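Good morning, colleagues. Please take a moment to look at the sequence and the model, and then we shall go through its charged pairs and its sheet.

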Amino acid sequence: MLMRSLPLFFILFLFQSAVYADSTWVKKIDSISAVVKNMYAPDKRVAYFESKMNPDGRHVLIETTEKEAINEFANLLKKENITLQVNASLLPSEDLNGKIYGIANLSVSNNRTTPGHYSELSTQMLLGTPVEVLKKERGYYLVRTPDKYLSWVDRAGVHLMSEQEFEEWKSAEKVVYTADHGYSFVRRSKSATRVSDLVQGDIIKLVSKGWGFYKVAYPDKRIAFIPKRNLEKYNKWVERPNPSAQKVLETAKTMIGVPYLWGGTSIKGVDCSGFTKTSYFLNGIILPRDASQQFMVGQPVDILDSGTFNLEKGLANLLPGDLLFFATKDPVKGPNGKITHTAMYIGNGEFIQSAGLVKVSSLLPNAPNYDAFHKQTLVGARRILTAIGDPGITRIDEHPWYKPLRN
């Protein structure tokens, strides 16, 4: 019985050894992938790197936006004496057949962290937003917005274009929707069937002018009519002088009462950084998407003493339009943990924020709208208005994705 069971024993041993070897092999590849991702794509909001082992165990598939990551991956394989065929795809994907540009096609598109309606809402795009299209997966497109943010949008949310079509769109005469919200119609009548809803900041191609209404074309070639009084010529809108604090705050206050929406960047709903970003965008300025990213731009304002907010110093140094930044207290790092919230300073100790809803709060303990929690977690401030043109703070008409090529 013992002799007859030996072959089976050896077979099981060899099988288990092979599984162990494969497991060790996969772990090495995963470790190398993690190193490369940490080096070249540590922030998934702005860089993409994914690797997957082929079932045959001899090929690894890589997709990335970073050319250097491909070379580094190959170098690390060689250093570890691992013989493996690397099939690398530098995005944008060749599968897009040159349609690597796009224009947001809905009044507000919902962009997600992964391709699927079930996924977390990460940001939104207003109609007319230009994007770089990187790849397609399960009916979703990975896109990069003008603020360099990566997200996934479903096929209805973006209309893909070739480079020539993209340049034609940029050069075309356009209009901007300036009312808070409204609709476009199939003919020159507000009682006609609606083509879509619209929100402030939507940009759309102008086809022709007419009494009371403008005829417009969506990126996907839908034709509609919009009341003239709700529109402004795009060129006039983007060529405005840099905004004053008063202008930005006037815009911000029109959103008072708008509900907080994680990932929201429109008047339909805003998160904290979506609120500050939208307030500036509607005045012609593009800011980074998230609070932690906005904290890295602009000019620092001195409001701290030994790492803690000093009210007297803050009242003396802050100016209207400055962005305030808050961090949840960390048991190790103290109050200077990860940036989790942002708001805009109004003046006299007041600030406006999206927290539950857009509202005005105060840093002054005796004020009826005093916000003790956010005063205690205030860790920094940045001046935006004097830094327009610096990295991360761009006028719309100076951004290459909005700006037509000059002949």
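Predicted model: local features only at pLDDT ≥ 70, side-chain atom pairs only at ≥ 80, totals over all residues.

Asp220 and Arg222 form a salt bridge, with their closest N and O atoms 3.0 Å apart; the term denotes a side-chain nitrogen of Lys or Arg within 4 Å of a carboxyl oxygen of Asp or Glu. Asp220 is partly exposed at 28% relative accessibility, and Arg222 is partly exposed as well, at 26%. Here, buried stands for under 20% relative accessible area, exposed for over 50%, and partly exposed for what lies in between, with a 1.4 Å probe and protein chains only.

Residues are numbered from 1 along each chain as its sequence is written, and side-chain values use heavy atoms, leaving out hydrogens and water.

In total, the structure holds 20 salt bridges. In general, side chains of opposite charge can pair when their charged atoms come close. Asp397 pairs with Arg395, the closest N and O atoms being 2.9 Å apart. Asp397 is buried at 18% relative accessibility, and Arg395 is buried at 17%. Salt bridges with shared partners also join Asp43, Arg45, Asp271, Arg289 and Asp290 into one network.

What does the salt bridge between Glu50 and Lys37 tie together? The closest N and O atoms of this pair are 3.2 Å apart. Glu50 lies in strand S1 (residues 49-53) and Lys37 in helix H1 (residues 2-40), so the pair links parts that are 13 residues apart in sequence. Helices (H or I, at least four residues) and strands (E, at least two) are DSSP runs, numbered from the N terminus. Glu50 is partly exposed, at 37%, and so is Lys37, at 32%.

Strand S1 leads us to the sheet. Three strands form an open sheet in the order S1-S2-S3, with mixed pairing; two strands pair if DSSP finds at least two bridges between them. S1 and S3 (85-90) are the edge strands, each pairing on one side only. S1 and S2 (residues 59-64) run antiparallel and are joined by five bridges. Met53 has Val60 in S2 as its bridge partner.

Finally, helix H2 (residues 67-79) packs on the sheet and touches S1, S2 and S3, contact meaning heavy atoms within 4.5 Å.

Notes. Axes fitted to C-alpha atoms, helices over the stretch in contact; angles between N-to-C directions.
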